Amino acid sequence: MSQSSKPPQPAPVPTSADVARLAGVSRATVSYVLNNAEAVRISEPTRRKVRRAAEELGYVPHAAARSLRAGHTRIVLLPTSHVPIGPLYSAFLNELQWSLRRLDYTVVQYGSLGLSGDEAARAWAELRPVAVISLGEITLSAHNVATLKRAGARAVITMGPVGVPGAHALVMDQSEVGARAVAHLVERGHRRIGVVVPEEEGMELFSTPRLEGARSVAGAEVEPLAMAYSEESAAALAARWRSLGLDAVFAYNDEYAMLLMRALLDEGLRVPEDVAVIGADDLLIGRLLRPRLSTVQIELPTGDHLAELVDRAVREPGEITQRHDLISAVAIRREST
């Protein structure tokens, strides 16, 4: 009667002691090197030797143990966006993540679609992040901020049009974008101005203040125009354009502007003679169109700047001011207006 063979046993998980033996150094030295400790001076040859030993053994430091030693994690939680935020903001967020990594933080993106503020705060708190950067899609309250801080978050940073008590507010006033766009059109002699309002769910975070800013411009009669980001929706709007009595449009951003401008031209309307068109974000492709697209250039802080602010908030929670204005805008005139 044959005896069934036993399944192979998994290889033991390498430890810092194994790395220390292979590199010929102490476990403390291994910890200093692999945790990038700056307070201890270790020669570069020793650092290389430790890293080679860790790579040979496949050793990776234990994040939980590291957190216990430090008293907090190095996790910066970044809820993922569930609305299209455009190339400008995507590039900004990518740069932010790289900058945080260079400062030795671990950026964790968290899918928060469908969560309320209370649900999101509890879910995020379970990961014990040292900081949370909320993009504003989920409305947080002072109670939510307190929940996160009780769980160990040293900084809660909100990005959006308004601040939240207890959090560092990175205020991005989108109304200035709409005001600059429509003021530019008024200066060009236009009065009856359409403002595209995207139909996509969640876009109101940006579109509502942009519309409010457009309405604040003296001398402009503003007409909101619902449009989805699709050729069919743009064509339907262009087909009824002549009946609207509008002579210009602020099309929310460059992507919607390019879509609508193409539909207007296909409908036989001239740009800018019949309809002046302006977008926002100053995307390169808008400069390659004919006619070249007028736009609102938005100046955002660099990812390095915001990452350094997060780092300061973590190290010195009470030392930075609670409000930071992060957006400025200027209209750029090109051929479409």
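Is arginine 128 buried, partly exposed or exposed? At 47% relative accessibility, arginine 128 counts as partly exposed, because buried is taken as under 20% relative accessible area, exposed as over 50%, and partly exposed as in between (1.4 Å probe, protein chains only). We will come back to this residue after a walk through the chain.

A word on the ground rules. This is a predicted model, in which local features need pLDDT of at least 70, side-chain atom pairs count only at pLDDT 80 or more, and totals for chains, interfaces and linings use all residues. Residues are numbered from 1 along each chain as its sequence is written, and side-chain values use heavy atoms, with hydrogens and water left out.

Let us start with the whole chain. Its secondary structure comes to 14 helices and 12 strands; here helices (H or I, at least four residues) and strands (E, at least two) are DSSP runs, numbered from the N terminus. Of the 337 residues, 47% count as buried. Among the contacts in the chain with a separation of 6 or more, 72% are between residues 24 or more positions apart, where contact means heavy atoms within 4.5 Å.

Now look at helix 1, residues 16-23. Its residues Ser16, Ala17, Val19, Ala20 and Ala23 are buried. They lie on the same side of helix 1 because they cover an arc of only 160 degrees around the axis, the arc being that of the directions from the helix axis to the C-beta atoms. What covers the buried residues of helix 1 includes helix 2 (27-34) and helix 3 (44-57).

Next, follow the chain to strand 1 (residues 75-79), where you will find isoleucine 75. Leaving aside residues up to four places away in sequence, isoleucine 75 touches Thr106, Val108, Leu127, Pro129, Val130 and Ala131. Another pair to look for is aspartate 104 and arginine 74, which are 30 residues apart in sequence and 7.4 Å apart in space, C-alpha to C-alpha. Aspartate 104 sits in the loop between helix 5 (86-102) and strand 2 (106-110), and with 26% relative accessibility it counts as partly exposed.

Two pairs of helices show how such elements can pack. The axes of helix 6 (residues 117-125) and helix 7 (residues 142-150) come within 9 Å and cross at roughly 10 degrees. Helix 6 is therefore roughly parallel to helix 7. Axes are lines fitted to C-alpha atoms, for helices over the stretch in contact, and angles run from 0 to 180 degrees between N-to-C directions; under 35 degrees counts as roughly parallel, over 145 as roughly antiparallel, 65 to 115 as roughly perpendicular and the rest as oblique. Gly117, Asp118, Ala121, Trp124 and Ala125 of helix 6 meet His143, Asn144, Thr147 and Leu148 of helix 7.

The second pair is helix 10 (residues 231-239) and helix 12 (residues 254-266), packed at an angle of about 50 degrees with their axes 8 Å apart. That angle makes helix 10 oblique to helix 12. On the helix 10 side the contact is made by Glu231, Ala234, Ala235, Leu237 and Ala238, and on the helix 12 side by Leu259, Leu260, Ala263 and Leu264.

Finally, some backbone details. Most residues other than glycine have a negative phi, and most peptide bonds are trans. Arginine 128, our opening residue, has a positive phi of about 55 degrees although it is not a glycine; its place is the loop between helix 6 and strand 3 (131-134). Aspartate 281, also not a glycine, has a positive phi of about 105 degrees. This aspartate 281 lies in the loop between strand 9 and helix 13 and is buried, with a relative accessible area of 5%. The peptide bond from valine 271 to proline 272 is cis, with omega near 15 degrees, and proline 272 is in the loop between helix 12 and strand 9 (276-278). Another cis bond runs from arginine 290 to proline 291, with omega near 0 degrees.
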